[in-house]
Amino acid sequence: MLIDIVSVFPEYFDVLNLSLLGKAQDKGLLEFRVHNLRDWTHDVHHSVDDTPVGGGAGMVMKPEVWAQCLDDLLDIPPLEDIAQADEQTSEKRGSNAILVFPNPSAPTFTQKDATELSHADHLVFGCGRYEGYDGRLPAYYAAQGFDVREYSIGDYVLNGGEVAVSVMVEATTRLLDGFMGNHDSIVEESYTGSEGLLEHRQYTKPASWRGMDVPEILLSGHHANIDRFRRDEELRRTSAIRPDIIARLDCRALDKKDRKFLMELGWEVSGEHPVRR
């Protein structure tokens, strides 16, 4: 997978050389190219922003600077060459990259989104700053036939898109085949699988620590009972923290013990989906 990242603070992404991300690059699973947006400016001050149209506080990132940068990264021919092409064709000219912009006003980035992005060969991330990028930017590239995504990573606002891009890059790349040493590490996790339940709590040795013991059943060696204990904890934690996930479960896919336990937690499971009583 090739990942291009555009930022006015490219040094922020030195972190990509650490830990598993660094090892994935050494193994050839990933290639990162980090670009300074100011390299596509032409004025003496290397300006990437201007005042908002219609007034207001802050500055907005200019579309013409972004466009020159993205046209290069997406292998889009110069506008004069496109104008000479057949005007009747709607075929996209350029790469098959997915273009991703973090935006606090966009839909929330989820594990499902990370899984979709992990199947791409080329991702291009654009890190906004100030009041964000000109709103015409994603619309323009979508109109050119590109797959353009805008994502928020939560109900809060950051100083820039670098943190959000780091989150999305890590969530996506760890799903690549060969990235994790143990593939099961990404199978038994929160938000994974068809149900997307929150993961059960994990414990390690010693069995007793500062007066607190791990649940005794985990020491029993009875794998069926351990599996049931963990399943019940997943249902309990999800019910308490993310009841919206429980409400999306398919009652027909739940076994008898699942339904019984959910009823104990206050859910009605006789219909298509669980409903709070």
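I began with D250 and R252, whose side chains meet in a salt bridge at 3.0 Å, N to O. I take a salt bridge as a side-chain nitrogen of Lys or Arg within 4 Å of a carboxyl oxygen of Asp or Glu. This is a predicted model, in which local features need pLDDT of at least 70, side-chain atom pairs count only at pLDDT 80 or more, and totals for chains, interfaces and linings use all residues. Residues are numbered from 1 along each chain as its sequence is written, and side-chain values use heavy atoms, with hydrogens and water left out.

**Salt bridges**

Buried means under 20% relative accessible area, exposed over 50%, and partly exposed in between (1.4 Å probe, protein chains only). D250 is partly exposed because its relative accessibility is 27%. R252 is exposed, at 67%. Shared partners in salt bridges join E195, R228, R231, D232, D255 and D258 into one network.

Next I checked D244. Its side chain meets that of R242 in a salt bridge, 2.8 Å from N to O. D244 also forms a salt bridge with R248, where the closest N and O atoms are 3.4 Å apart. D244 has 32% relative accessibility, so it counts as partly exposed. R242 is partly exposed too, at 28%. R248 counts as exposed, at 55%. The structure holds 15 salt bridges.

**Binding-site record**

I then turned to UniProt. Its unreviewed entry places the feature "binding site" at G128, I153, G154, D155, Y156, V157 and L158. From this set, G128, I153, G154, Y156, V157 and L158 are in the lining of the second largest pocket. UniProt positions are in the numbering used here, feature names are shortened, and annotations may be inferred rather than shown by experiment. Pockets are found on a 1 Å grid over the protein atoms alone: a pocket is an open set of points with protein on both sides within 12 Å along at least five of seven lines, and lining residues have an atom within 4 Å of a point.

I went through three of these residues. V157 is in the loop between β7 (147-151) and α6 (162-173). Helices (H or I, at least four residues) and strands (E, at least two) are DSSP runs, numbered from the N terminus. V157 has 69% relative accessibility, so it counts as exposed.

L158 lies in the loop between β7 and α6. L158 is partly exposed, at 35%. Leaving aside neighbours within four places in sequence, L158 is in contact (heavy atoms within 4.5 Å) with I153, V163 and A164.

I153 also lies in the loop between β7 and α6. I153 is partly exposed because its relative accessibility is 23%. Not counting residues up to four places away in sequence, I153 touches L158, A164, V167 and M168. I also took its distance to R230: 77 residues apart in sequence, 28 Å apart in space, C-alpha to C-alpha.

**Surface patch**

F9, Y12, Y156, L158, V163 and V167 make a nonpolar surface patch of about 500 Å². Patch residues have over 30% relative accessible area and no salt bridge; like charges are joined within 9 Å, nonpolar side chains (Val, Leu, Ile, Met, Phe, Trp, Tyr) within 5 Å. Areas come from the Shrake-Rupley method with a 1.4 Å probe; for residues, only the protein chains shown count as cover. I looked up Y12, which lies in the loop between β1 (2-7) and α1 (19-26). Y12 is partly exposed, at 36%.

**Helix α2**

Which residues of α2 (residues 63-73) are buried? I found P63, V65, W66, C69, L70, D71 and L73. They pack against β1, β2 (31-36), β4 (60-61), β5 (98-102), β6 (122-126) and α5 (136-143). D75 follows α2, and its phi is positive, near 60°.

**Loops and backbone**

H200 is in the loop between α6 and β8 (208-209). H200 has a relative accessible area of 8%, so it is buried. Not counting residues up to four places away in sequence, H200 touches R230, E233, E234 and R237. P206 lies in the loop between α6 and β8. The peptide bond from K205 to P206 is cis, with omega near 5°.

H46 is not a glycine, yet its phi is positive, near 55°. R210 is not a glycine either, and its positive phi is about 50°. R210 sits in the loop between β8 and β9 (212-213). R210 counts as exposed, at 73%.

Notes: On a 1 Å grid over the protein atoms alone, a cavity is a set of points where a 1.4 Å probe fits but cannot get out, and a pocket is an open set with protein on both sides within 12 Å along at least five of seven lines; lining residues have an atom within 4 Å of a point.
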